[in-house]
Amino acid sequence: MAVSVRRLRPEDERSDFHSGNIDLDRFFQKYAGQNQFRHHIGTTYVAVEGGRIVGFATVAPSEIEVAQLSPSRRKRLPGYPLPVLRLARLAVDDRVQGRGVGVTLLKAVFVLARKMANEYGCAGVVVDAKPEAIDFYRRYGFLEFPILSGQLGDRPEPRPMFLELGAIPEESREPG
Ligand SMILES: CC(C)(COP(=O)(O)OP(=O)(O)OC[C@H]1O[C@@H](n2cnc3c(N)ncnc32)[C@H](O)[C@@H]1OP(=O)(O)O)[C@@H](O)C(=O)NCCC(=O)NCCS
């Protein structure tokens, strides 16, 4: 069955969604709507299959410090904070995991990053990857930020990862 991606709507049924990660499920059920419709601090895109929500990705504009990048990637960039798109949350219902819904949502986020770059400026996509999802993001070109001095690099905690705009596939470009 075909999967389509669109913005969350107030009337969407969210109580039946479970990804296996309690925090992500609670966020989707309790906070995604108010963040989007009342506070305007993040927008959630849902993957829909046969009328049912099977996954979601929440994005918000953000910025990174140039000093977070490795010296070679920092070259030629100005010293002030750079605008990026943050992939704040991504989850797929555990009944359909492993069937391409996650990458479909990721590609929709790439289109948004390209759109943001064209309209407002966007240096790439950042994500705080859960340890078990790091390899998923690596497959699509995300790189872990270099560990800055004073940070521990070996904790099993979310790891910030970055995909530069130039590494986002061309087909993610908006027409025109
Ligand atoms: C991580 C998650 C979003 C992936 O979504 P999914 O729909 O299951 O993944 P897809 O089917 O789109 O996978 C696309 C490819 O990535 C691979 N992949 C999926 N999850 C992976 C993982 N955790 N690690 C490494 N590779 C992974 C798949 O094998 C597939 O490879 P293929 O193209 O060679 O077949 C989903 O498993 C999930 O919601 N997990 C629980 C919540 C979570 O960890 N979210 C991430 C928060 S940072």
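By class, the lining of the largest pocket comprises 16 nonpolar, 6 polar and 8 charged residues, where Ala, Val, Leu, Ile, Met, Phe, Trp, Tyr, Cys and Pro count as nonpolar, Asp, Glu, Lys and Arg as charged, and the others, Gly among them, as polar. The model is predicted: local features require pLDDT of at least 70 and side-chain atom pairs count only at pLDDT 80 or more, whereas totals for chains, interfaces and linings use all residues. Residues are numbered from 1 along each chain as its sequence is written, and side-chain values use heavy atoms, with hydrogens and water left out.

A pocket is defined on a 1 Å grid over the protein atoms alone as an open set of points where a 1.4 Å probe fits, with protein on both sides within 12 Å along at least five of seven lines; lining residues have an atom within 4 Å of a point. The largest pocket holds about 670 Å³ of space, a volume being the space filled by probe spheres set on the points, which are joined across faces, edges and corners. Its lining consists of 30 residues, with Leu24, Leu90, Ala91, Ala133 and Tyr137 nearest the centre. Two or more lining residues come from each of α1 (22–39), β4 (82–92), α3 (101–119), β5 (124–129) and α4 (134–139); helices (H or I, at least four residues) and strands (E, at least two) are DSSP runs, numbered from the N terminus. The greatest contribution to this lining, 7 residues, is that of β4.

The shell around the ligand contains 21 residues, of which Val92, Gly98, Gly100, Gly102 and Arg139 come nearest; a residue is counted as near if one of its heavy atoms lies within 4 Å. In this shell, 11 residues are nonpolar, 4 polar and 6 charged. The element that gives the most to the shell is α4, with 4 residues.

Ligand oxygen atoms lie 2.8 Å from a backbone N or O atom of Gly98, 2.8 Å from a polar backbone atom of Gly102 and 2.9 Å from a polar backbone atom of Val103. Of the 910 Å² of accessible area that the ligand has on its own, the protein covers 71%, as computed by the Shrake-Rupley method with a 1.4 Å probe.

The second largest pocket contains about 400 Å³ of space. Among its 18 lining residues, Thr43, Tyr45, Val59, Leu85 and Leu112 are the closest to the centre. The largest share of this lining, 5 residues, is supplied by α3.

Methods. A polar contact is a pair of N or O atoms within 3.5 Å; within protein, one must be able to donate a hydrogen and the other to accept it, and residues adjacent in sequence count only if both atoms are side-chain atoms.
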